[in-house]
Amino acid sequence: MALTNEHIKEKLVEKFGEQLSNFTEPLGMLTFEAPKDLNLKVLNFLYDDPELKFRFLTSLCGVHYPEQKGREIAVVYHL
């Protein structure tokens, strides 16, 4: 099967269910949110899955969303 954004999303939802949310594709890049306690598990899954094989972390950054009370700080992983 082709490695499309839809296929990646399907595999993530199959593995993590509703724990992942807000799937979008700005500029064709698949994005989603994961609870902070799930980050390492999601990254390990993307790395270890024999079909997905995410092997390169392009960047890691923090983002401030002052208007989102209770969710002001986020960490973004670009894979």
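This briefing describes the chain, its largest pocket and one lysine. The structure is a predicted model, in which local features need pLDDT of at least 70 and side-chain atom pairs count only at pLDDT 80 or more, while totals for chains, interfaces and linings use all residues. Residues are numbered from 1 along each chain as its sequence is written, and side-chain values use heavy atoms, with hydrogens and water left out.

**Chain**
- The chain holds 2 helices and 4 strands, where helices (H or I, at least four residues) and strands (E, at least two) are DSSP runs numbered from the N terminus.
- From the N terminus on, the order of these elements is α-β-β-α-β-β.
- The C-alpha trace spans about 40 × 25 × 25 Å along its principal axes.

**Lysine 11**
- Helix H1 contains lysine 11.
- Lysine 11 has a relative accessible area of 18% and therefore counts as buried (under 20% relative accessible area, with exposed over 50% and partly exposed in between; 1.4 Å probe, protein chains only).
- Beyond its neighbours within four places in sequence, lysine 11 is in contact with Phe45, Asp49, Glu51 and Leu52 (contact means heavy atoms within 4.5 Å).

**Largest pocket**
- The largest pocket has a volume of about 1,100 Å³, the space filled by probe spheres set on grid points joined across faces, edges and corners.
- Of the 29 residues lining this pocket, Phe32, Glu33, Val75, Val76 and Tyr77 are the closest to its centre.
- On a 1 Å grid over the protein atoms alone, a pocket is an open set of points where a 1.4 Å probe fits, with protein on both sides within 12 Å along at least five of seven lines; lining residues have an atom within 4 Å of a point.
- Strand S4 gives the most to the lining, with 6 residues.
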